[in-house]
Amino acid sequence: MFVMATWGLNIVSIKYLTQHMDVQALAAVRIVIAFAAVTFIITARRGRIPRLGRAELVWVALAGFLVVYAHQVALVSGLRLSSAANGTLIMATSPLLSALLAALFYRERLTPSRIAGALLGLLGVGMVVAGSGGRFGLTGWGDAIVFVAVLVFVCGGLVIQRMSRMMDPLGMLWYMYLAGGLMLVAHALLTPASYDAGMWLMSWWPWVVLLYSAVIASGVSNIVWNAGIARLGISRAALFVNWLPIFGLLFAALFLDEAVTPTHVAGLACVLGGTWLGLRRVSARS
């Protein structure tokens, strides 16, 4: 529950920060700070970074690309065009996507209820997108990019589940942030807007929000999340994401003054109903 609350607030934080920083620079700085935080936690707990074999490095690089680089670039870019309320509802589809991809890659049975749940969840996302302005304009494109961010994050979760058989969650996250962080820094260095001096002279409050987003939401919370995936598997751990839209909508209304419309409520009902249909047999076994 702690992870979902911090992630719900993190969506609001990222939306706020896109008003002050270039999206590529924001993604890179967040992960560099998160990497430093995870490094501090590892050295404080055990004093050394675990070594990996060649096969493990390949999987870590893939997870870093999906969960860190691709997810961060898509999420920050999407939230710049979309709203925090829309973004948090679209991210609520991750439990259902996790169940469907787990059925595909880990041969979990794909039942009619899961198929019905997928359709209902997609209907909820469609309602959110349609309610964002009645046309597929900038907000609609932002919603689509956020959905891509969710998809690559879920695919990365499948890789993390496989990696958890080979290494502990803390060391796994350190190498993921190292690989993905290097990709993000390289991307930011190739982006001219990253060299805008005015962007780095923000007032103190955006820097506080950035530190929260990087250290707590991207550092500490991801350590807990990876440990949950290692213990429960991606489809069972993803059940907790049902709480993400509740926290996200609450924080968006509280801190960004975003209106929670009847369309948002109906979309939330469809997404959560689809998730319940898609995962009810899994939850019954847990």
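**Exercise 1. Aromatic pairs**

Task: Determine how many aromatic pairs this predicted model holds, and classify the geometry of the pair formed by Trp-7 and Phe-153.

Solution.
- Step 1. The predicted structure contains 6 aromatic pairs.
- Step 2. In the pair of Trp-7 and Phe-153, the ring centres are 5.8 Å apart and the planes make an angle of 85 degrees. Ring centres within 6.5 Å qualify as a pair, and planes over 60 degrees apart count as edge-to-face; the pair of Trp-7 and Phe-153 is therefore edge-to-face.
- Step 3. Trp-7 belongs to helix α1 (residues 2–17) and Phe-153 to helix α7 (residues 138–163), so their pairing ties together parts that lie 146 residues apart in sequence.
- Step 4. Both Trp-7 and Phe-153 are buried.
- Step 5. Ring pairs also link Phe-35, Trp-174 and Tyr-175 into a cluster.

**Exercise 2. The packing of α1 and α4**

Task: Describe how the axes of α1 and helix α4 (residues 84–91) cross, and state which residues of the two helices meet.

Solution.
- Step 1. Two packed helices are described by the angle between their axes and by the distance between those axes.
- Step 2. The axes of α1 and α4 come within 9 Å and cross at roughly 140 degrees. This angle makes α1 oblique to α4, as the antiparallel class would require a value over 145 degrees.
- Step 3. The handedness of the crossing between α1 and α4 is right-handed.
- Step 4. On the side of α1, Ile-11, Val-12 and Lys-15 take part; they meet Ala-84, Thr-88 and Met-91 of α4. Sorted by class, the contact comprises 4 nonpolar, 1 polar and 1 charged residues.

**Exercise 3. Leu-256**

Task: Locate Leu-256 in the chain and identify the residues that Leu-256 touches.

Solution.
- Step 1. Leu-256 sits in the loop between α11 (244–255) and α12 (262–285).
- Step 2. Leaving aside residues up to four places away in sequence, Leu-256 touches Val-12, Lys-15, Tyr-16, Ala-84 and Phe-251. Val-12, Lys-15 and Ala-84 also take part in the contact of α1 with α4.
- Step 3. Leu-256 and Tyr-16 are 240 residues apart along the chain, while their C-alpha atoms are separated by 7.8 Å.

**Exercise 4. The chain as a whole**

Task: State the secondary-structure content of the protein chain, the share of buried residues and the share of contacts that join residues at least 24 apart.

Solution.
- Step 1. The chain has 12 helices and 0 strands.
- Step 2. Of its 286 residues, 54% count as buried.
- Step 3. Among contacts between residues at least 6 apart in sequence, 87% join residues at least 24 apart.

How values were computed: Residues are numbered from 1 along each chain as its sequence is written. This is a predicted model: local features need pLDDT of at least 70, side-chain atom pairs count only at pLDDT 80 or more; totals for chains, interfaces and linings use all residues. Side-chain values use heavy atoms; hydrogens and water are left out. Rings of Phe, Tyr and Trp (its six-membered ring) pair if their centres lie within 6.5 Å; planes under 30 degrees apart count as stacked, over 60 as edge-to-face and the rest as tilted. Helices (H or I, at least four residues) and strands (E, at least two) are DSSP runs, numbered from the N terminus. Buried means under 20% relative accessible area, exposed over 50%, partly exposed in between (1.4 Å probe, protein chains only). Axes are lines fitted to C-alpha atoms, for helices over the stretch in contact, and angles run from 0 to 180 degrees between N-to-C directions. Angles under 35 degrees count as roughly parallel, over 145 as roughly antiparallel, 65 to 115 as roughly perpendicular and the rest as oblique. A crossing is left-handed if the near helix is turned anticlockwise from the far one by less than a right angle, and right-handed if clockwise. Contact means heavy atoms within 4.5 Å. Ala, Val, Leu, Ile, Met, Phe, Trp, Tyr, Cys and Pro count as nonpolar, Asp, Glu, Lys and Arg as charged, and the others, Gly among them, as polar.
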